Amino acid sequence: MRKIILFTLAVSLLGFSACKKIPEGNLSDIIRYEVLPMQIKMGRSEVSTAINPAGSSKPIEIKLLKIYEKESGKDVTDLFLKEYPLKIWTKLYDSKVDTTLALISAKQKDTTMTALSINKYSGAIESNPNTLLLPKGNYVFDLEIKNQVSSRVYPRIGEFSLVEAPFYEIPAVRSTSAMKVGAETTTKAIPSNASHIKVTRTN
């Protein structure tokens with residue numbers, strides 16, 4: 001009976017310690033990215049997975065400090081801070097309305113921005129087509145993370161790889177045959193892997 005009581009007390013104490021309130025302004029020792037390295041497809045507009053704040057007091061704000069070549073350790077931050085021209089959308093695209101290049105252009109504007117950046121709230125890597133102008137390879141980076149109470153530098157917390165990728169990928173075609181209009185008995189087989197469709201980037 002005494003052993004049962006002691007065991008129950010021990011479990012209760014462990015439960016109490018596990019539920020201890022996290023101090024206000026806490027920045028965790030184990031803030032991390034769950035996916036390493038993150039793969040960035042060159043020439044694509046993409047957003048990576050967000051950082052895991054691991055119990056840190058929110059809201060947090062994230063700032064990119066340094067980027068290094070993984071293999072050599074060389075600081076290449078300036079290369080990634082360079083800005084390039086880019087068209088961005090100012091309004092939502094509507095395929096039913098925006099049927100000409102002129103109508104599409106009216107919803108875009110010219111700006112300059114880096115090819116790759118860190119979202120200040122989520123820590124996700126945001127990339128755009130100008131990643132084609134960066135050298136492919138493996139990189140690591142340092143972040144500064146802060147909240148309303150404290151600030152802390154996390155060296156080499158993230159890692160990403162810039163990899164070549166097709167400009168556009170077409171999923172497998174669902175239909176496997178086509179009929180000729182006006183002569184529906186005339187059919188033609190369509191490859192289901194979409195290998196018959198070719199996409200060429202002009203600009």
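Me: What makes strand 6 and strand 7 (residues 125–127) a pair?
Reply: Three bridges join these two antiparallel strands. Pairing takes at least two bridges found by DSSP, so they qualify. A strand, by the way, is a DSSP run of E with at least two residues, numbered from the N terminus.

By the way, this is a predicted model, where local features need pLDDT of at least 70, side-chain atom pairs need 80 or more, and totals for chains, interfaces and linings use all residues. Residues are numbered from 1 along each chain as its sequence is written, and side-chain values use heavy atoms, leaving out hydrogens and water.

Me: Why are strand 2 and strand 6 called edge strands?
Reply: The open, antiparallel sheet has three strands in the order 2-7-6. Strand 2 and strand 6 (116–118) each pair on one side only.

Me: Why is S48 called buried?
Reply: Its relative accessible area is 17%. You'll find S48 in the loop between strand 2 (46–47) and strand 3 (61–69).

Me: How do you know that S48 is in contact with other residues?
Reply: Contact means heavy atoms within 4.5 Å. Leaving aside neighbours within four places in sequence, S48 has M38, A124 and I125 as contacts. The S48 side chain also reaches the backbone nitrogen of I125 at 2.8 Å.

Definitions and conventions. Helix = DSSP H or I, 4+ residues; strand = E, 2+ residues; numbered from the N terminus. Buried < 20%, exposed > 50% of the residue type's maximum accessible area, 1.4 Å probe, protein only. Polar contact = N/O pair within 3.5 Å; in protein donor to acceptor, adjacent residues only side chain to side chain.
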